[in-house]
Amino acid sequence: MKQGGKASPFKFNIYIDKLIKILIESGTFFKLRTRSKSVLAYADDTTIVFKTIEELGYAISMIENYCDLFDIKINEKKT
């Protein structure tokens, strides 16, 4: 998927939606007021927050594996 291509936003949404579902299904959450969350996403900005370093490391591993599977590159300068 080429960044800036006409289909890029649509394809991005499909891939990011699947990744968010995987992270949510991991069952690891943090509490934000009265709601449990693990992923906060808006447009192409995504934030993951977990209670412990171990949970965060597990989530990062899941993200790395997912990105490798679908040949997704994360811009480390923006991360």
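Me: How much of the protein chain is buried, going by its 79 residues?

Reply: Buried means under 20% relative accessible area, exposed means over 50%, and partly exposed is in between (1.4 Å probe, protein chains only). Here buried residues make up 19% of the 79 residues in the protein chain. Keep in mind that this is a predicted model, where local features need pLDDT of at least 70, side-chain atom pairs count only at pLDDT 80 or more, and totals for chains, interfaces and linings use all residues. Residues are numbered from 1 along each chain as its sequence is written, and side-chain values use heavy atoms, with hydrogens and water left out.

Me: Which elements does the protein chain have, and in what order do they run?

Reply: Helices (H or I, at least four residues) and strands (E, at least two) are DSSP runs, numbered from the N terminus. This protein chain has two helices and four strands. From the N terminus on, the order is α-β-β-β-β-α.

Me: Which residues of α1 are buried, and which exposed ones sit on the face turned away?

Reply: Buried in α1 are S8, I16, L19, I20 and L23. They lie on the same side of α1 because they cover an arc of only 105° around the axis; the arc is that of the directions from the helix axis to the C-beta atoms. The face turned away from that buried side carries exposed F10 and E25.

Me: And which residues are buried in α2?

Reply: There you get A59, M62, I63, Y66 and C67. Their arc is only 130° around the axis, so they too share a side of α2. Turned away from the buried side of α2 are the exposed residues I53, E54, N65, D68 and L69. What covers the buried residues of α2 includes α1 and β4 (45–48).

Me: How do α1 and α2 pack, in angle and axis distance?

Reply: Two packed helices are described by the angle between their axes and the distance between the axes. Axes are lines fitted to C-alpha atoms, for helices over the stretch in contact, and angles run from 0 to 180 degrees between N-to-C directions. In this model, α1 (residues 8–25) and α2 (residues 53–69) pack at about 145°, with axes 11 Å apart.

Me: Which residues of α1 and α2 meet?

Reply: Contact means heavy atoms within 4.5 Å. On the α1 side you have Y15, K18, L19, I22 and L23, and they meet A59, M62, I63 and Y66 of α2. By class, this contact has eight nonpolar, no polar and one charged residues. The nonpolar set is Ala, Val, Leu, Ile, Met, Phe, Trp, Tyr, Cys and Pro, the charged set is Asp, Glu, Lys and Arg, and the others, Gly among them, are polar.

Me: Is L23 buried or exposed?

Reply: L23 counts as buried, because its relative accessibility is 1%. L23 and A59 are 36 residues apart along the chain, yet their C-alpha atoms are separated by 6.8 Å.

Me: What about phi in the residues that follow the helices?

Reply: G27, which follows α1, has a positive phi near 80°. After α2 comes D71, with phi near 55°, a positive value in a residue other than glycine. At 57% relative accessibility, D71 counts as exposed.
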